[in-house]
Amino acid sequence: MSQGPRSGLAAVSSALLAMSRHLEVRDVLKTIVSSARELLDAQYAALGVPDDDGGFAQFVVDGVSDEQWKAIGPLPRQHGILAAMLQEARPERLADVRKDPRFEGWPSTHPDMSDFLGLPIRDGDEVIGALFLANKLCGKPEGGCGFTEDDEELLSILAQHAAIALTNARLYERSRELTIAEERSRLAHELHDAVAQKLFSLRLTAQAAAALVDRDPSRAKGELQQVAALAAEAADELRAAVVELRPTALDEDGLVATLRTQVQVLDRAHGARVTFTSHGVRALPAAQEEALLRVAQEALHNALRHSGAHAVEVTLHKRGPDTVLRITDDGAGFDPQAIRRAGRHLGLVSMRDRASGVGGTLTVESAPGKGTTIEMEAPGG
């Protein structure tokens, strides 16, 4: 395994360390695929995690652009060479995958592939994935496969460590799901108690106000003010509790799609024009995505409820290795220093805590009559 430029011990060590660094399944899958393609000097790499219905629960590629991937269409099924790797649990090294009798073709927009190297990823006796590479970039012998026995041995080592990293990531996600479920149950009880108490107080106070309207309007006015205060407290308690729950949409759709959907809903629900644009941002670790979403929600709440803005713009884009979220409005603006001195914060403390909690930064630019821009920069993406 000493012939290729990417097969040195340091390169292998870096790939294995990168795999073990992530705890989210999709991050682990992406790292495995990119590490395999780079180490073995291949044009394309992919990893499929099978489901129980003849398809793939997850399928990650490297070397294919987003536009190409969208044009290819639905995820592949378990057939041909992929099915053989999953069912027979053995390596496949082919000079030309298109000439193999098991080859069943691919969509017209699929990249053309010839030499092929694939291995199953196994956890004990269970095959939990299929890792494969195509089109060795270096020269290959006439009529032979560009991938060598050394490449197969190296990919086997990667596949063994990939199984460990993927299993650990799955265990972590299951543990997190249990924790989230327990937290949701705890919050449900707390919300029930808090809301029940507030509603009871609201009802009694409203009844007292109704009884006093005719004989003591002044006292009735005071009771109604108390009703308003209790309603505000209840809303704050609900909002604070709900904010602690990770939206399921993030797990299902990712940050970009979740933000786009929420902005569309706000645009329909409010008089202000609310827009969203995204450039070059891909999936981030779960903690970063949640922090960015919560900051966006808090900033949008402030802009739509307090600023009197006619237009609010949300953008998500790359800046070097980082992801930048920016929320800009043309509203009344404010003096950040005066807000701080008055003991108010408009959620700025919470937003800064969320940003710093994932290694990011938050900046606020605002002035009376000049609108507001809130920007969060987070690593990755």
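Helices (H or I, at least four residues) and strands (E, at least two) are DSSP runs, numbered from the N terminus, and by that rule Leu 266 is found in helix 8. This is a predicted model, in which local features need pLDDT of at least 70 and side-chain atom pairs count only at pLDDT 80 or more, while totals for chains, interfaces and linings use all residues. Residues are numbered from 1 along each chain as its sequence is written, and side-chain values use heavy atoms, with hydrogens and water left out.

**Leu 266**

- Leu 266 is partly exposed, with a relative accessible area of 22%; the term covers values between buried (under 20% relative accessible area) and exposed (over 50%), computed with a 1.4 Å probe on protein chains only.
- Leaving aside residues up to four places away in sequence, Leu 266 touches Val 274, Leu 300 and Leu 304, where contact means heavy atoms within 4.5 Å.
- The C-alpha atoms of Leu 266 and Leu 304 are separated by 8.8 Å, although the two residues lie 38 residues apart along the chain.

**The nonpolar cores**

- A nonpolar core is a set of buried Ala, Val, Leu, Ile, Met, Phe, Trp, Tyr and Cys residues joined through side-chain atoms within 4.5 Å, and the largest one here has 35 residues, with Leu 259, Val 312, Leu 316, Leu 325, Leu 362 and Met 376 having the most contacts inside it.
- Among the elements that give two or more residues to this core are helix 8 (255-269), strand 6 (273-279) and helix 9 (286-305), and the largest share, 9 residues, comes from helix 9.
- Apart from this core lies another, of 31 residues, among them Ala 42, Ile 128, Ala 163 and Ala 165.

**The sheet and its helices**

- An open sheet with mixed pairing is formed by 5 strands in the order 6-7-8-10-9, where two strands pair if DSSP finds at least two bridges between them.
- Strand 6 and strand 9 stand at the edges, each with a single partner strand, so one side of each has no neighbour in the sheet.
- Strand 8 and strand 10 pair in the antiparallel sense over 8 bridges, and Thr 328 stands opposite Thr 373 in strand 10.
- Helix 9 packs on the sheet, touching strand 6, strand 7, strand 8, strand 9 and strand 10, and its direction makes about 10° with that of strand 8; for such angles, axes are lines fitted to C-alpha atoms, for helices over the stretch in contact, and the angles run from 0 to 180 degrees between N-to-C directions.
- Helix 11 also packs on the sheet, touching strand 9 and strand 10, with its direction at about 145° to that of strand 9.
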